[in-house]
Amino acid sequence: MPDLVKFDGSGDLKTHLYGYHAAMKLLKVESEAMSQLFPQTLSGPAFHWFLSLDIAKRGTWEDIGAAFIA
């Protein structure tokens, strides 16, 4: 796992999402692992948001990204 700044909900969520995605792609991390590792980059309210996210919206990396932006 690369050392990424944790997102607490107070910054630019698109910047965090893009940075995470770019770092994972450079490391050739598969989409399934990206979705499982993403919560480790969140803290505070953003982490609580993820925990409250419907399990159906956590199925794929694309699902998580879409829910995060929404």
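Here are a few notes on the fold and core of this predicted model.

1. Overall fold. Along the principal axes, the C-alpha trace spans about 30 × 25 × 15 Å.

2. Of the 70 residues, 30% are buried. The accessible surface comes to about 4,600 Å², with 58% of that belonging to carbon and sulfur atoms. Among contacts with a separation of 6 or more, 54% are between residues 24 or more positions apart.

3. The core. The largest nonpolar core has 15 residues, and those with the most contacts inside it are Tyr20, Met34, Phe38, Leu42, Trp61 and Phe68. At least two core residues come from each of α1 (13-26), α3 (44-52) and α4 (61-69). It's α4 that gives the most, with four residues.

4. The inward face of α4. Have a look at Trp61, Ile64, Gly65, Ala67 and Phe68, the buried residues of this helix. Down the axis of α4 they fall within an arc of 165°, so they line one face of the helix. Their cover includes α1, α2 (31-37) and α3.

5. Met34. Which residues does methionine 34 touch, leaving aside neighbours within four places in sequence? The contacts are Tyr20, His21, Met24, Val29 and Trp61. Of these, Tyr20 and Trp61 are also listed with Met34 among the core residues with the most contacts.

Conventions:
Residues are numbered from 1 along each chain as its sequence is written. This is a predicted model: local features need pLDDT of at least 70, side-chain atom pairs count only at pLDDT 80 or more; totals for chains, interfaces and linings use all residues. Side-chain values use heavy atoms; hydrogens and water are left out. A nonpolar core is a set of buried Ala, Val, Leu, Ile, Met, Phe, Trp, Tyr and Cys residues joined through side-chain atoms within 4.5 Å. Buried means under 20% relative accessible area, exposed over 50%, partly exposed in between (1.4 Å probe, protein chains only). Contact means heavy atoms within 4.5 Å. The arc is that of the directions from the helix axis to the C-beta atoms. Accessible areas come from the Shrake-Rupley method with a 1.4 Å probe; for residues, only the protein chains shown count as cover.
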